[in-house]
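Load the model in your viewer and keep the selection tool at hand. Each stop below gives a selection and then what is there.

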Amino acid sequence: MGHKIFISPSDQNRNTYASGNTAEDIQCGKIAIAAKAALERCGFDVKLVQYATMAEKCAVSDAFGAELHVPIHSNAFNAIVTGTRIFYGVDGSAGHKAAKAILARLGPVTPGAPDMVQAYPQLYEIRTPKAPTAYIEADFHDVAAVADWIIDHTQEIGEAICQGVCDYFGAEYVNKKEADADEALVKQFEKMLARHEKALEDNDAGAWSAKAREWAVASGIVNGIGYLADGTPNYAWEAHVTREQMVTMLYRFAIESGL
């Protein structure tokens, strides 16, 4: 497994958005799920806890052995101020470096401004976990236009957070579209291979192997993989042989030879 990341999305269901009939816990939960999926795609070991006390979250983070603690929130102030903020504990610390790495990816994505990192050591989820913390406030949800944007872009926010974490740890970011394309190619290849293997499951064989095949069947070394539609044994002579099948045939040969 790769580096351990603990994600702590907001559980604040009373922090309602300026639009969309939703709240901070719902949207930050979606962002966290997207970030978790992206991070796991990139090889990270991720634990996500949302609906728990801050003390419980920090305890789980510590027990998990997190190398980075990432609370995910959206902000509110006066329905005017915007911009993404990421808090950390101490200037020059690992949390400071992680906050800058994440903001470099997330800031250009979110619509508000100014974006900034800021020391805020008083926050419980900054001062309590053993791991360094990058505490994300993904723009201001009390501004209607920003709230609409967050609701429509939780996936992009999660991906940007992942990119920043990858940058912090020096890990390669695996693009979702590329990963999906690779997975589709693998599935296509597996289907083609399965069809190819199925086509070989018959008694077609070359004349050059006739005597060897007769001996193998008569000796009980090859018993086939089932029966054909006409009731005759299906020896699948041209099909690929697994290691399991190989050792079984070698075992039968040893017994037949008295070894």
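**Ground rules.** This is a predicted model: local features need pLDDT of at least 70, side-chain atom pairs count only at pLDDT 80 or more, and totals for chains, interfaces and linings use all residues. Residues are numbered from 1 along each chain as its sequence is written, and side-chain values use heavy atoms, with hydrogens and water left out.

**Stop 1: everything.** Color by secondary structure. The protein has nine helices and six strands. These are DSSP runs numbered from the N terminus: helices are H or I with at least four residues, strands are E with at least two. The radius of gyration is 29 Å, well over the 18 Å that the globule rule gives for 259 residues, so the protein is more spread out than a compact globule. That radius is taken over C-alpha atoms, and the rule is 2.2 Å times the number of residues to the power 0.38. Along the principal axes, the C-alpha trace spans about 90 × 40 × 30 Å. Of the 259 residues, 41% count as buried. Buried means under 20% relative accessible area, exposed over 50%, and partly exposed in between (1.4 Å probe, protein chains only).

**Stop 2: the largest nonpolar core.** Select I5, F44, I72, I136, I161 and V165. Of the 38 residues in this core, these touch the most other members. A nonpolar core is a set of buried Ala, Val, Leu, Ile, Met, Phe, Trp, Tyr and Cys residues joined through side-chain atoms within 4.5 Å. Elements that each supply at least two residues include β1 (4–9), α1 (24–41), β3 (68–75) and β6 (135–140). Helix α6 gives the largest share, seven residues.

Now center on I5. Which residues does I5 contact, leaving aside neighbours within four places in sequence? They are L39, F44, D45, V46, K47, F64, L68, V70, V165 and F169. Contact means heavy atoms within 4.5 Å.

A second, separate core has six residues, among them F6, V49, F64 and A131.

**Stop 3: the largest pocket.** Two elements give two or more residues to the lining: α8 (210–218) and α9 (243–257). The largest share, seven residues, comes from α9.

Stop 4: Most residues other than glycine have a negative phi, and most peptide bonds are trans. Select A113 and P114: a cis peptide bond joins them, with omega about 0°. P114 sits in the loop between α3 and β5 (116–119).

Next, A79. Its phi is positive, about 65°, although A79 is not a glycine. A79 is in the loop between β3 and β4. At 44% relative accessibility, A79 is partly exposed.

Then D139, in strand β6. D139 also has a positive phi of about 65° without being a glycine. Is D139 buried or exposed? D139 is buried, at 0% relative accessible area.

**Stop 5: A138.** A138 lies in strand β6 and is buried at 1% relative accessibility. Beyond neighbours within four places in sequence, A138 contacts H73, S74, T84, I150 and I157. Draw a distance from A138 to I150: they are 12 residues apart in sequence and 8.2 Å apart in space, C-alpha to C-alpha.
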